[in-house]
2 protein chains.
Amino acid sequence: MKSAAKITILDVANASGVSFGTVSRVINNDIHVKPETRQRVLDAMRRLGFVANRQAQSLAGGKTNLIGLLVPDLGTGYIGEIIRGIDAELGLMGLDLITYTTHRTASKEANYVANLARGMVDGLLLVLPRHPADYIETLTQRGFPFVLIDHQGTGENCPAVGATNWQGAYTATEYLIKLGHQRIGFITGWMDLGCAQDRLKGYRSALRTYHIPEAPDLVYEGTFSQPDGYAGASALLDLPNPPTAIFASNDVMAMGVMDAVRNRGLRIPDDISVVGFDNIAQSAMVYPPLTTVQQPLEQMGRVATQMLLGILKDPEKEAGRIELPTELIVRGSTAPPKDRAG
Amino acid sequence: MKSAAKITILDVANASGVSFGTVSRVINNDIHVKPETRQRVLDAMRRLGFVANRQAQSLAGGKTNLIGLLVPDLGTGYIGEIIRGIDAELGLMGLDLITYTTHRTASKEANYVANLARGMVDGLLLVLPRHPADYIETLTQRGFPFVLIDHQGTGENCPAVGATNWQGAYTATEYLIKLGHQRIGFITGWMDLGCAQDRLKGYRSALRTYHIPEAPDLVYEGTFSQPDGYAGASALLDLPNPPTAIFASNDVMAMGVMDAVRNRGLRIPDDISVVGFDNIAQSAMVYPPLTTVQQPLEQMGRVATQMLLGILKDPEKEAGRIELPTELIVRGSTAPPKDRAG
DNA sequence: TTACGTTATGGAAGCGCTTACATTCATATT
DNA sequence: AATATGAATGTAAGCGCTTCCATAACGTAA
């Protein structure tokens, strides 16, 4: 018996008394194989411990069975959830994932995309891409399959999955207003990202709906990171007329807000209500548990993958933007404002 | 001009007036090419936008230029840091990373390893493997290159990089003792992991060194997750004679501890000191900033990758276990115990 | 029985590259 | 001048597979 690493379809063919062509057919689930022959081949494969060589399959077959994933970072629960969804779908189809981390570097991003699209992978999943405009046109022209995750796309009907950011922010703000809050601070994310813009717009729309005047000093511009939450909350609480609630554009910043609030000896939610966005796992685990807008991150990963597989199967298929619903998760970090509650 | 995706070395050879063999030599930095010829080929490659087909290279050359990475999860800062280090080293060598998430499922782990080791990748990086014993022997026998990250290995001298967990826990405990703490609670991690065991041992050794009797009820068994920290701290604080300091086996649990402490209206560090382990980015951002034992995670990723590349280059090279130093980072979550300070 | 459509199987060609070996050519050596 | 030496380049043989086309085997209707 040869070394396990070196069993080829020829060995299997010999062992099962058929030609290598038939073995290939069995591997690829071709219909034109007599069931008993198939079984014989399958047995031989198992006996010999045969595993098809991916490189050879790719070279001969013209596809790699690899999906490229571009993410800004890998250390966040946000990305982790999305990948969980991608993993699940891909696993079902026997595809593998090759991951690139851009660390928010635009040049790296464009570079990776260029190389990956040249035969390294069959399709591309782009999470929160920074400058997709730079290469989306090229990809589209070449007909290279890709799907954007949590990005608006570039105006045209380019395949993308996102969440109802506007709606989520609107609902959360409305909830705070209905609790009785009139001064609601808002901390934005990276304002060059569509999702961050939409959340801000949702917040503003809700204020407008309830005839609450917009105070520009109640909006603090952040970048989705925890220190921004801390700094933003500190700035807001320093205002002559501070807010009674703070809505952060993601949970990580909301954690920073909570720290800042506590640091001043204020209590959550008694003195200040705090709301986040994302519903990362940690949000339910902090004290008090964070009221937040849930993004269906894992589902976004799943749906994006399904879209990509769809395009892979039928390149003509027109796939536009899909928006998955967000949901307000009410937990312990929100309450009516003090002056009213008391 | 052909489509960019279809330029082969033959096209480059024609365009530059040499044989495809010479082009191949240029690609592989073979010495036997006249500098001016090389330049001519390089120019042609740039002009044509040539990118070598990885599949064909792999098939012909017998290596994939792909490194497999097995991680339990992708959503933690812990893993993110390690991957950052891996990425950096791999990028330097033009290797790509193919990632598998096991979600702590032992069967998946063994499965992935089996498949990957059969030609899918050139080498394997295993982060915090759950049941390496199941397959390490196989890998070793076959001479398949791999490196364990943050795992003790399996007794033999198997390639692994870790941190000085014992030392880190010892130092942190000693620091608490020197602050004046006599009752120090400890929350463990997954006790089937060597690193968790070592941290517990380090804690115990420090107590012994300073002749502080070990109280079994001061040790709470956790699993590295935030709710364990919360539950552990709650249990410890419910003790008739509660500790004045709590040492959690990782930062995530320490966050849980902080929540639990605050939830009871106690103040950190005034009433209770809290210490973590890992020094994830978040630790510096919470309030009060967490005193913790830094693990050089990124460096662990780097070193592991270097080890693997070393083995890849020279399979005979005996690579044993490397332990990178941990360091106590003192921040605001620790202080002398109340009864002493006051 | 013959002819014909199916279905199952065999085999050649080729995917784009590396590599060992063959060949060429220039230069050094005697 | 004749030859050895070594550097630069060309070429054939695969790597392990898919896929197309040819062929064999098997029914089935006439």
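Strand 9 (residues 273-278) and strand 10 (residues 291-294) of chain A pair in the parallel sense over 4 bridges. The model is predicted: local features need pLDDT of at least 70, side-chain atom pairs count only at pLDDT 80 or more, and totals for chains, interfaces and linings use all residues, while side-chain values use heavy atoms, with hydrogens and water left out. Residues are numbered from 1 along each chain as its sequence is written, and chains are lettered from A and ligands numbered from 1 in the order in which they are written. Helices (H or I, at least four residues) and strands (E, at least two) are DSSP runs, numbered from the N terminus. Two strands pair if DSSP finds at least two bridges between them.

**The sheet of chain A**

- An open sheet of 6 strands runs in the order 7-6-8-9-10-12 in chain A, with mixed pairing.
- Strand 7 (219-220) and strand 12 (327-329) of chain A are at the edges, each with a single partner strand, so one side of each has no neighbour in the sheet.
- Strand 6 (residues 184-187) of chain A pairs with strand 7 of chain A in the parallel sense, over 2 bridges.
- A:F186 has A:V219 in strand 7 of chain A as its bridge partner.
- For A:V275, the bridge partner in strand 10 of chain A is A:T291.
- Strand 10 and strand 12 of chain A run antiparallel and are joined by 3 bridges.
- There, A:V293 stands opposite A:L328 of strand 12 of chain A.
- Helix 10 (residues 226-237) of chain A lies across strand 6, strand 7 and strand 8 (245-248) of chain A. Helix 10 of chain A runs at about 150 degrees to strand 6 of chain A.
- Axes are lines fitted to C-alpha atoms, for helices over the stretch in contact, and angles run from 0 to 180 degrees between N-to-C directions.

**The sheet of chain B**

- In chain B, 6 strands form an open sheet in the order 7-6-8-9-10-12, and the pairing is mixed.
- Strand 7 (219-220) and strand 12 (327-329) of chain B hold the edges, each with a single partner strand, so one side of each lacks a neighbour in the sheet.
- Strand 10 of chain B is joined to strand 12 of chain B by 3 bridges, and the two run antiparallel.
- B:V293 stands opposite B:L328 in strand 12 of chain B.
- Helix 9 (residues 194-209) of chain B packs on the sheet and touches strand 6 (184-187), strand 7 and strand 9 of chain B. The direction of helix 9 of chain B makes about 170 degrees with that of strand 6 of chain B.

**Helix pairs in chain A**

- Two packed helices are described by the angle between their axes and the distance between the axes.
- Helix 2 (residues 20-27) and helix 3 (residues 35-48) of chain A pack at an angle of about 90 degrees, with axes 10 Å apart. That makes helix 2 of chain A roughly perpendicular to helix 3 of chain A.
- Angles under 35 degrees count as roughly parallel, over 145 as roughly antiparallel, 65 to 115 as roughly perpendicular and the rest as oblique.
- A:T22, A:V23, A:V26 and A:I27 of helix 2 of chain A meet A:T37, A:R38, A:V41, A:L42 and A:M45 of helix 3 of chain A. Contact means heavy atoms within 4.5 Å.
- By class, the contact of helix 2 with helix 3 of chain A has 6 nonpolar, 2 polar and 1 charged residues. Ala, Val, Leu, Ile, Met, Phe, Trp, Tyr, Cys and Pro count as nonpolar, Asp, Glu, Lys and Arg as charged, and the others, Gly among them, as polar.
- The axes of helix 6 (residues 106-120) and helix 7 (residues 133-142) of chain A come within 10 Å and cross at roughly 10 degrees. Helix 6 and helix 7 of chain A are therefore roughly parallel to each other.

**How the chains meet**

- The contact takes 41 residues from chain B and 41 residues from chain A.
- 100% of the interface residues of chain B are also interface residues in chain A, so the copies meet through the same surface.

**Backbone details**

- A cis peptide bond, with omega about -10 degrees, joins A:Y287 and A:P288.
- A:P288 is in the loop between strand 9 and strand 10 of chain A.
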